[in-house]
Amino acid sequence: MIRPLLLAVAIACSALAAAPEARARQVDSTLVARYQLADSFMRTAQFDRAIGLLEDLVRRSPDTMLFSERLREAYESVKRYDDALLLLDASLRAGLAPPALIADRARLLYLKGDEEDAFVTWQEAVDSQPEQPGAYLAVMRSLMQLRLFGRAIRIVELGRERTGSQGLFRADLAYLYGLEGRHSEAASEYVALLGENPRQGPFVRGRLTQQSADASAIEASIPVFERAVRDNPLDRSLRDLLAWMYLEEGRYRDALNVSRAIDRLDQEQGQVLMGFARLASDAAAYDVALEAYAEILERYPDAPAAADARAGLGAMHERRAERTLETAASDSARIAARRQFEEALASYDRFLADYPGHPAQPDVRYRRANILLDRYFDLDRARAALEDLVSRHAASEAASRAAFDLGRIEILSGDLDVAQLRFSRLAERLRTGELAEAARYELALIHFYWGEFDAALALTE
């Protein structure tokens, strides 16, 4: 709605300058009303009705470029390219021949099917102002509209040669190279773009993400960024992107090495390694994640990241143990998993001792108790650990989960009365949520075990 209103204001100003005030108001209101009606027809794809109104507007006010441009759009919408070209040629004969208008003429010729004349006309557009970057920009955009990416590349390269500006339209050229599958050349442009403005890192990463649909895009870009890092070892934006590309390719060891270098060069005190370890953990690359956590603890034992690294180290041992049990069922695998669970427990115990006030204390205590319950089936030690958690951190979410597990332990121990009491208290305290519903379900099962089928049915319903 903004564009028609602005255009209406422009029309009004033009009319007021050309005629007496009273008559100008009458002409202005008529033209504006008819243009707005035509515009509404255009927006609802009623092109033939819009064309009739716009043709009348052009006859009444042939010097108003707005009317001519909108009529040209209408002609193009119904593929009346010859009529659109006639309108455009009239503007060109009137002496209005900016490169953008010439490029638009070339586009219409191409749509009409006259490709040879179209390419000649695009060349005329850049030749009309060979030292002006705007001419090459207009033609490049015109070619991109028609997905003529190879020719758009040649136009930008010609513009660089003629203007002497090797950085001309760098981001656009990189994008075009990517569309054409010339990923190494695209990467070179992105490297140069970062050299001009390191803050463009997120933009470049977004562009590379778009290109990653082509399996070879990241692979072809990596050597270019590796050379750039060697040439500019202190440029963090290059290293960040290189680490990301290694992760995209599953090269976690290489990504760890880059993250390690960033952490040291920028004196991040383990924060970069921490971010890498979490990403590697999410990707199930547990060995390199463990290495990253261990390095944080070795190099930065007093840094803020050390506590999270200690907890993360335990989680990695735990996850690796679970993966071992999932992928192998042999006795040797079970023994290996047992050792990994022991490592996890040792890390959790160390965390609990070294960081008593850390916010992760409740979660770490719960993970430790969960290993004792679900992996070791040590009900006594698990009960003690869970009760300790509830007493220390009663208001935490981990304490609610611990209360639920204590109810499970009572069922496994055969004490259904105590189990019922625990689940009832938990459901009453939480009232809503997944854990509260799970507690009610356990209560229904207890009634079922007792043969109280009506009560069980009422709860399950």
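Angles under 35 degrees count as roughly parallel, over 145 as roughly antiparallel, 65 to 115 as roughly perpendicular and the rest as oblique. This model is predicted, so local features need pLDDT of at least 70 and side-chain atom pairs pLDDT 80 or more, while totals for chains, interfaces and linings use all residues. Residues are numbered from 1 along each chain as its sequence is written, and side-chain values use heavy atoms, without hydrogens and water.

**First stop: a helix pair**

Select helix 8 (residues 133-145) and helix 9 (residues 149-163); helices are DSSP runs (H or I, at least four residues) numbered from the N terminus. Their axes lie 8 Å apart and form an angle of about 170°, an axis being a line fitted to C-alpha atoms over the stretch in contact, with angles from 0 to 180 degrees between N-to-C directions. The two helices are therefore roughly antiparallel. Now show the side chains in contact (heavy atoms within 4.5 Å). Helix 8 contributes Y136, V139, M140, L143 and M144, and helix 9 contributes residues including F149, I155 and R162. By class, this contact has 10 nonpolar, 2 polar and 2 charged residues; Ala, Val, Leu, Ile, Met, Phe, Trp, Tyr, Cys and Pro count as nonpolar, Asp, Glu, Lys and Arg as charged, and the others as polar.

**Second stop: a salt bridge**

Next, select R72 and D104, which form a salt bridge with their closest N and O atoms 3.6 Å apart. The term requires a side-chain nitrogen of Lys or Arg within 4 Å of a carboxyl oxygen of Asp or Glu. R72 belongs to helix 4 (residues 65-77) and D104 to helix 6 (residues 99-112), so the pair ties together parts 32 residues apart in sequence. By this rule the count is 48 salt bridges.

A pocket is an open set of points on a 1 Å grid where a 1.4 Å probe fits, with protein on both sides within 12 Å along at least five of seven lines; lining residues have an atom within 4 Å of a point. The largest pocket has a volume of about 420 Å³. Of its 19 lining residues, R205, D240, W244, L247 and L279 are the closest to the centre. Helix 14 (236-248) gives the most to this lining, with 8 residues.

Select D308, A311, G312, A315 and R367, the closest to its centre among 21 lining residues. Helix 18 supplies the largest share of this lining, 7 residues.

Methods:
Grid points are joined across faces, edges and corners, and a volume is the space filled by probe spheres set on the points.
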